[in-house]
Amino acid sequence: MASPRALKFVCLVVCAVVMAASTAKAAISCNQVVSALSPCISYVVSNGALTQQCCQAIRGLNSAARTTPDRQGVCTCLKNTASQFASNSRNVALAAGLPGKCGVKLPYKIDPSTDCKSVK
């Protein structure tokens, strides 16, 4: 039987897929964001090891988001995903700290309160 965390994650991915369908004209979909960052899930959800694959995924996603709509779309997806974890501030903090731990500077904070429309 699946653990409660695994079920929570599956619900999170389903929510992200639904939200991706309504995302504006960004070339990077929320599905792509969630899929790309899958190597980071164990770190964020269960405080697992921070892997090289996770950091590579963050670097790659940051590099791929070249236009303002792309950056805003990725930001919105991450914001909405972080909102799903809002009840667990530890998970939100781990997610928010990932870019810094991987040496990536994002133009926004991974946080449920981030205003992604202001991202340029």
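These legends accompany close-up views of a predicted model.

**View 1. Confidence along the chain.** The protein chain has an average pLDDT of 81. At least 70 is the score for 78% of the residues. Among the elements, helix 4 has the highest mean pLDDT, 95. Helix 1, residues 4-21, has the lowest, 43. The pLDDT stays below 50 over residues 6-24. Beyond near neighbours in sequence, that stretch makes 16 contacts in the model.

**View 2. The largest nonpolar core.** This core holds 29 residues. Val33, Leu37, Ile58, Val74, Leu78, Leu98 and Tyr108 have the most contacts inside it. In soluble globular proteins, nonpolar side chains tend to be buried together.

**View 3. Around Leu98.** Leu98 is one of the core residues with the most contacts. Leaving aside neighbours within four places in sequence, Leu98 touches Cys40, Tyr43, Val44, Leu50, Cys54 and Ile58. Ile58 is also listed among the core residues with the most contacts.

**View 4. Helix 5.** Helix 5 has 17 residues, so at 1.5 Å a residue it should span 24 Å. Its end C-alpha atoms are 24 Å apart, in agreement. Its buried residues include Val74, Cys75, Cys77 and Leu78. Asp70 and Arg71 are buried too.

**View 5. Asp111, a buried charge.** Asp111 lies in the segment after helix 6. Asp111 is buried but has no salt bridge. Lys109, the nearest side chain of opposite charge, is 4.4 Å away. A salt bridge needs the charged atoms within 4 Å. Not counting residues up to four places away in sequence, Asp111 contacts Lys79, Ala82 and Val92. Ala82 is one of the buried residues of helix 5.

Note on methods: Residues are numbered from 1 along each chain as its sequence is written. This is a predicted model: local features need pLDDT of at least 70, side-chain atom pairs count only at pLDDT 80 or more; totals for chains, interfaces and linings use all residues. Side-chain values use heavy atoms; hydrogens and water are left out. A nonpolar core is a set of buried Ala, Val, Leu, Ile, Met, Phe, Trp, Tyr and Cys residues joined through side-chain atoms within 4.5 Å. Buried means under 20% relative accessible area, exposed over 50%, partly exposed in between (1.4 Å probe, protein chains only). Contact means heavy atoms within 4.5 Å. pLDDT is the predictor's confidence in each residue, from 0 to 100. Helices (H or I, at least four residues) and strands (E, at least two) are DSSP runs, numbered from the N terminus. The expected span of a helix is 1.5 Å times one less than its number of residues. Lys and Arg count as positive and Asp and Glu as negative; His and the chain ends are not counted.
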